[in-house]
Amino acid sequence: WLQHNGSTGYLHNVTGSLYIRNESAGDIYIQGKSGENSIICNDDGSVELYYDNVKKLETTAASVQLSDNLVMGNHSIELNDNSQVMLGNAPDMRIYHDGSHSYITNTTGDLTLVDESRIKLRTDQFVINNHANSESIIYAAADGEVSLYHNGSKKFETTSTGATVTGHLTVTDDIFLSDANVAYF
C-alpha cells in the first residue's frame, strides 16, 4: 500500500516480491531533490547510477563502465586466470596471470618502476627478454647465477666462486685488489 504521514511518503509491500514495472515503452527514473537523477533504468538497455545528478556507473551489453575512481578500502579485486587488467587506450599495458605464469606487458614507451620507498621482487627466477621474446637480456636464479647478455650472447655471469666475463673487459679507471689477491694477465 501507499502511505503518506504528512511529511514522508512510503511504498509498503508485506508479502512476496515487489516489482516496479513500466508497462509502456520508456525508461524508469528514480529521482531525488529537484528532479535530480539517482537511478535510470533504460528500456531494453543500460542501468545508470548517479551521485548529485552526475552519472558514476553504467551497465552496457559487454561491461560495466565507471566514470570516476573505484575506491575499495581494504578489499581486493579477484580475476580468474587469463583475465587481464588493461590500461591505456589500445590498451597500452596489460597485467595478467595465465594459471602458470604472471605477465606485465607494455606496448608503448618505457616501462618505468618508480621507487617511492623500495622495489622488492620475490621470485625464484627473474628473466628479462627482448620484446619479441627471442633473446635474453638479464637472467637471475635463486641460489644460482645472474647473467647479463648483449645481443642475445651471455657476456657476464656470476658463479659460486666469483664471476665470468666472456669477451673483453674494458676498464676506464683503476682496478684495486686486496693484498691477498693476485691478478693474472
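Ground rule for pairing: two strands pair if DSSP finds at least two bridges between them, and strands themselves are DSSP runs of at least two residues, numbered from the N terminus. With that, look at leucine 87, which stands opposite methionine 93 in E9. E8 and E9 pair in the antiparallel sense over four bridges.

Quick caveats: this is a predicted model, where local features need pLDDT of at least 70, side-chain atom pairs count only at pLDDT 80 or more, and totals for chains, interfaces and linings use all residues. Residues are numbered from 1 along each chain as its sequence is written, and side-chain values use heavy atoms, with hydrogens and water left out.

Back to the sheet: three strands, open, antiparallel, in the order E8-E9-E10. Strand E8 (84–87) and E10 sit at the edges with a single partner strand each, so one side of each has no neighbour in the sheet.

Next, glutamate 48, in strand E5 (residues 47–51). Buried or exposed? Glutamate 48 is buried, at 9% relative accessible area; the cut-off for buried is under 20% (1.4 Å probe, protein chains only). Its side chain makes a 3.1 Å polar contact with that of asparagine 42; that term means N or O atoms within 3.5 Å, one able to donate a hydrogen and the other to accept it, and residues adjacent in sequence count only if both atoms are side-chain atoms.

Last, strand E9 (93–97), strand E10 (102–106) and strand E11 (125–129) each give at least two residues to the lining of the largest pocket.

Methods. Buried means under 20% relative accessible area, exposed over 50%, partly exposed in between (1.4 Å probe, protein chains only).
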